[in-house]
Amino acid sequence: MPDPSTFRDSTQILLPCELLADIREEIETEFVVTIYEHAPGMCRIIGSPVEVRAVSDFLARRGIATP
């Protein structure tokens with residue numbers, strides 16, 4: 001049976017909210033994802049593996065590395 005953390009890694013991105021401040025609205029408009037504040041100062045982007053990969057590529061083009 002697959003490890004559940006494998007699925008979590010492909011369906012979410014965890015980043016400091018300050019990195020998303022200027023582009024959050026654009027992400028929510030362009031992609032089918034949910035963004036919420038997970039912990040103080042940390043935002044979680046959640047979506048399908050396809051959408052999360054697309055958001056990751058979008059962030060990379062803007063110089064924001066994702067884990």
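Colleague: Leaving aside its neighbours within four places in sequence, which residues is Ser56 in contact with?
Modeller: Ser56 is in contact with Ile13 and Thr66, its neighbours within four places in sequence left aside; contact means heavy atoms within 4.5 Å. This is a predicted model in which local features need pLDDT of at least 70 and side-chain atom pairs pLDDT 80 or more, while totals for chains, interfaces and linings use all residues. Residues are numbered from 1 along each chain as its sequence is written, and side-chain values use heavy atoms, with hydrogens and water left out.

Colleague: What makes the link between the side chains of Ser56 and Thr66 a polar contact?
Modeller: The side chains of Ser56 and Thr66 are joined at 2.9 Å. The cut-off is a pair of N or O atoms within 3.5 Å, one able to donate a hydrogen and the other to accept it, so the pair qualifies.

Colleague: Is Ser56 buried or exposed, and why?
Modeller: Ser56, which is found in helix α4, has 11% relative accessibility and therefore counts as buried. The classes are buried under 20% relative accessible area, exposed over 50%, and partly exposed in between, with a 1.4 Å probe and protein chains only. Helices (H or I, at least four residues) and strands (E, at least two) are DSSP runs numbered from the N terminus.

Colleague: How do you know that Cys17 and Cys43 form a disulfide?
Modeller: The sulfur atoms of Cys17 and Cys43 are 2.0 Å apart. A disulfide needs cysteine sulfur atoms within 2.5 Å, so this pair passes. The count by this rule comes to one disulfide. The link is right-handed, with 105 degrees about the S-S bond. Cys17 in helix α2 and Cys43 in strand β3 are 26 residues apart, a pair linking distant parts of the chain. Cys17 is buried at 16%, and Cys43 is buried at 3%.

Colleague: What makes Arg24 and Glu28 a salt bridge?
Modeller: The closest N and O atoms of Arg24 and Glu28 are 3.5 Å apart. The rule asks for a side-chain nitrogen of Lys or Arg within 4 Å of a carboxyl oxygen of Asp or Glu, so the pair counts. Arg24 and Glu28 are separated by about one helical turn because they are four residues apart in helix α3 (residues 24-30). Arg24, at 30%, is partly exposed, and so is Glu28, at 36%.

Colleague: How many salt bridges does the structure hold?
Modeller: There are three salt bridges. One of them joins Arg62 and Glu26 at 3.5 Å, N to O. That pair links distant parts of the chain, with Arg62 in the segment after α4 and Glu26 in helix α3, 36 residues apart. Another joins Arg53 and Asp57 at 3.4 Å, both in helix α4 and about one turn apart. Arg53 is exposed at 53%, whereas Asp57 is partly exposed at 31%.

Colleague: Which residues of the largest nonpolar core touch the most other members?
Modeller: Leu20, Ile27, Ile45, Val55 and Leu59 do, in a core of 16 residues. Such a core is a set of buried Ala, Val, Leu, Ile, Met, Phe, Trp, Tyr and Cys residues joined through side-chain atoms within 4.5 Å. Elements giving two or more residues to this core include β1 (12-16), β2 (33-39) and α4 (49-61). The largest share, four residues, comes from α4. Beyond four places in sequence, the contacts of Ile27 are Leu20, Val33, Ile35, Val55, Phe58 and Leu59.
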